[in-house]
Amino acid sequence: MLSLLDKEIIRYLQEDIPIEMQPFKSIAKKLNVDESEIIERVKFLKDKGMLKRIGAVLYHRKSGFKANAMVVWCVPESCVEYVGDYLSSKKEISHCYERVVCSQWKYNLFTMIHGNTKEQCQKLIEEIAKKININEYKVLYSTKELKKSSMKYKDL
């Protein structure tokens, strides 16, 4: 059962979170509670499976990146964690997700790579492929940036 405070926290988390050092402090101030209570309730919601994650939305073009490529990698299951950790550590990669494969799509790691030019992205992709020793991958370049929005609950 969600408390009134939990519902209010969820309402705030559905919106843009302030870009500042202590974003939960702003939410706490609006709800007239301590920041520690907000953090405690967010942890509770996460632990109970009511909150899956809090994620940032990167607007590639607004951030100054002119070339953005989704690279899908076919990584042996035994190496997924190592390769995923390596890919996630690269500053040019904003997203790295493991996905379930199927008979028509064998790619299990998805990354979003950013650069100033397609050539810069391609060079980085080739360097990464060599470093992780993966030759089975596909590169899908962004042609436009689509609207990004999260699901919002109306009745809490």
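Two strands count as paired here if DSSP finds at least two bridges between them. What you're looking at is a predicted model, so local features need pLDDT of at least 70 and side-chain atom pairs count only at pLDDT 80 or more, while totals for chains, interfaces and linings use all residues. Residues are numbered from 1 along each chain as its sequence is written, and side-chain values use heavy atoms, with hydrogens and water left out.

Let's step back to the overall layout. The protein has five helices and four strands, where helices (H or I, at least four residues) and strands (E, at least two) are DSSP runs numbered from the N terminus. Read from that end, the elements go α-α-α-β-α-β-β-α-β. Of the 156 residues, 31% are buried, meaning under 20% relative accessible area, with exposed being over 50% and partly exposed in between (1.4 Å probe, protein chains only).

The four strands form an open sheet in the order 2-3-1-4, with antiparallel pairing. Strand 2 and strand 4 sit at the edges, each pairing on one side only. Neighbouring strands are turned by 20 degrees against each other on average, direction ignored; axes are lines fitted to C-alpha atoms, for helices over the stretch in contact, and angles run from 0 to 180 degrees between N-to-C directions. Helix 5 packs on this sheet, touching strand 1, strand 2, strand 3 and strand 4, and its direction makes about 160 degrees with that of strand 4. Contact means heavy atoms within 4.5 Å.

Helix 5 itself covers residues 118-132. Its buried residues are Cys121, Leu124, Ile125, Ile128, Ala129 and Ile132. They span an arc of only 135 degrees around the axis, which puts them on the same side of helix 5; the arc is that of the directions from the helix axis to the C-beta atoms. On the other side, Glu119, Lys123, Lys130 and Lys131 are exposed.

Helix 4 has a similar story to tell. Val80, Val83, Gly84, Tyr86 and Leu87 are its buried residues, and they share one side of helix 4 because their arc around the axis is only 165 degrees. Glu81, Tyr82, Asp85 and Ser89 are exposed on the other side. The buried residues of helix 4 pack against strand 1, strand 2, strand 3 and helix 5.

Note on methods: The expected span of a helix is 1.5 Å times one less than its number of residues.
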